[in-house]
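Me: I would like to go through this model with you, beginning with a term and then moving to the details. Could we start once it is on screen?

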Amino acid sequence: MDYFHYLDGVLHAEDVPVPDIAAAVGTPFYLYSTATLKRHFQALDQSFAGMDHLTCFAVKACSNIAILRLFAGLGGGADIVSGGELYRALAAGIEPGKIVFSGVGKTRAEIRQALEAGILMFNLESAQELRVVAECATELGLVARISFRVNPDVDPQTHAYISTGLAKNKFGIPIAEALDLYRQARDPAGVEIVGVSCHIGSQLTKVSPFVDTIGKLKDFLGRLATHGITIRYLDLGGGLGIQYDQEQPPEPADYGAAVREALNDLDCTLILEPGRVIVGNAGIMVTRVLYTKTGEGGRKKFIVVDAGMNDLFRPSLYDAYHAIVPVVQGRRETTVADVVGPICETGDFLARDREVTAAEPGELLAVKSAGAYGFTMASNYNSRPRVPEVLVNDGEFHLIRRRETYEDLLRGEMIPDFLK
Ligand code: LLP
């Protein structure tokens, strides 16, 4: 449930008419609703109420510091995958003791940065990484709390690019080999085993892969215990899907109930790393129609808008579906068209062969469910400044990231002397 709705035929974010925001900040832009963000955070978090747990928002899904600050205020922690995300999380006021560091390729510099910040836990992915973390911690005279990310070989039944829990994926340590690593990790100075972690994929629309994973993890925890290794944190990762089109993912409460039942008497703190389920449907991207044109002897229609694949990459990269609706509802008929951007690539589309409301130049369109992996995957391709982000709250809108300027585009570039 989100707070984007039509009032007298005009799309509103909470109580604010979207055309007013477009007039103030120009197009394209990302628009988030505070009420929706809060509601989604709390729906997920509260489905584990009464159970010792920590909700660590996956920063990669939507990393604006205003949004991270909102979650910090709701008690949230962060799941980070880079030094840059750590920097953001801390700048937003997320407590270091609520930050977990995931990712398959952490550098020494990032590991040191996280050790110095005093994060809760490193989710390690290899024996080599264990050695590096132990070395960094010893050099700094600190102790790294660690878990290993185990790969349970469960099919998350999602898009191949966002499955992570299959044996063939690069992520984690095969669960059959993980025991050995845990035994190795007991010895080195500088590390303390505190957890087991896992993340099997994203945009899951069923609970069964989570339940199967928990079954395997519980077996594994039993094996660890027989070797005298007990843990304080079980990190289940993120992955719960949202509705983009016709899919019917479980509600957070159903997911929570299934996870709790499968865990049954977990004697440690549960960590969750949700991203998409919290922010996905709490954000839209607003774009303006520039032109309409036809191809294939008039049979193919194109609606050319001012947002491109550099602004929202998901349709091009995953053939992902994002609903596209008019911001002002007219009485116009529908048409089948490609909604395309200005980028010089055939792959630059927001929708292909889609039945949409016919649109004319100058009209505004809303690309829905764009809150997760929307702005964070944006680039400057074709030297397009990245678009602003706006947050609506309580009848007002706030710019939380300004539109980039041409100066921003050149920042950091230089012409060496030999070319002067
Ligand atoms: N934890 C870890 C270790 C992850 O790798 C991810 C996402 C998450 C948590 C959060 O997953 P979520 O709850 O959002 O499903 N760019 C793709 C999604 C990539 C997901 C990568 N990992 C997309 O646009 O669909």
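Reply: A polar contact here is a pair of N or O atoms within 3.5 Å, where within protein one must be able to donate a hydrogen and the other to accept it. Please keep in mind that this is a predicted model.

Me: What lies 2.7 Å from a polar atom of the side chain of E125?
Reply: The backbone nitrogen of G172 is found at that distance from the E125 side chain. The side chain of E125 also makes a polar contact with the side chain of R149, at 3.2 Å.

Me: And where is E125 found?
Reply: E125 sits in the loop between β8 (121–124) and α6 (127–140).

Me: Buried or exposed?
Reply: E125 is buried, as its relative accessible area is 6%. Leaving aside residues up to four places away in sequence, E125 touches G103, V104, R149, K170, F171, G172 and I173.

Me: Changing topic: how many salt bridges does the count come to?
Reply: The count comes to 16. One of them pairs E192 with R232, with the closest N and O atoms 2.7 Å apart. E192 lies in strand β11 (residues 191–197) and R232 in the loop between α8 (208–226) and β12 (233–235), so this pair ties together parts that are 40 residues apart in sequence. E192 is partly exposed at 33% relative accessibility, and R232 is partly exposed at 40%.

Me: Which residue meets D311 in a salt bridge?
Reply: That is R384, with an N to O distance of 2.7 Å. R384 belongs to the loop between β19 (364–367) and β20 (389–393), and D311 to the loop between β15 (300–305) and α11 (314–318), so the pair connects parts 73 residues apart in sequence. R384 is buried at 17% relative accessible area, and D311 is buried at 2%.

Me: What about the overall fold: how many helices and strands?
Reply: The protein chain has twelve helices and 21 strands. Its radius of gyration is 23 Å, close to the 22 Å that the globule rule gives for 420 residues, so the chain is as compact as a globular protein of that length. Of these residues, 54% count as buried.

Me: Finally, which residues form a nonpolar patch on the surface?
Reply: I415, F418 and L419 form one, with about 380 Å² of accessible area together. F418 is placed in the segment after α12 (406–410) and is exposed, with a relative accessible area of 68%.

Notes: Residues numbered from 1 in each chain as written. Predicted model: local features only at pLDDT ≥ 70, side-chain atom pairs only at ≥ 80, totals over all residues. Heavy atoms only, no water. Patch = residues over 30% accessible without salt bridge, like charges linked within 9 Å, V, L, I, M, F, W, Y side chains within 5 Å. Areas by Shrake-Rupley, 256 points an atom, 1.4 Å probe, with all protein chains shown as cover. Salt bridge = Lys/Arg side-chain N within 4 Å of Asp/Glu carboxyl O. Helix = DSSP H or I, 4+ residues; strand = E, 2+ residues; numbered from the N terminus. Buried < 20%, exposed > 50% of the residue type's maximum accessible area, 1.4 Å probe, protein only. Rg over C-alpha atoms; globule rule 2.2 N^0.38 Å. Contact = heavy atoms within 4.5 Å.
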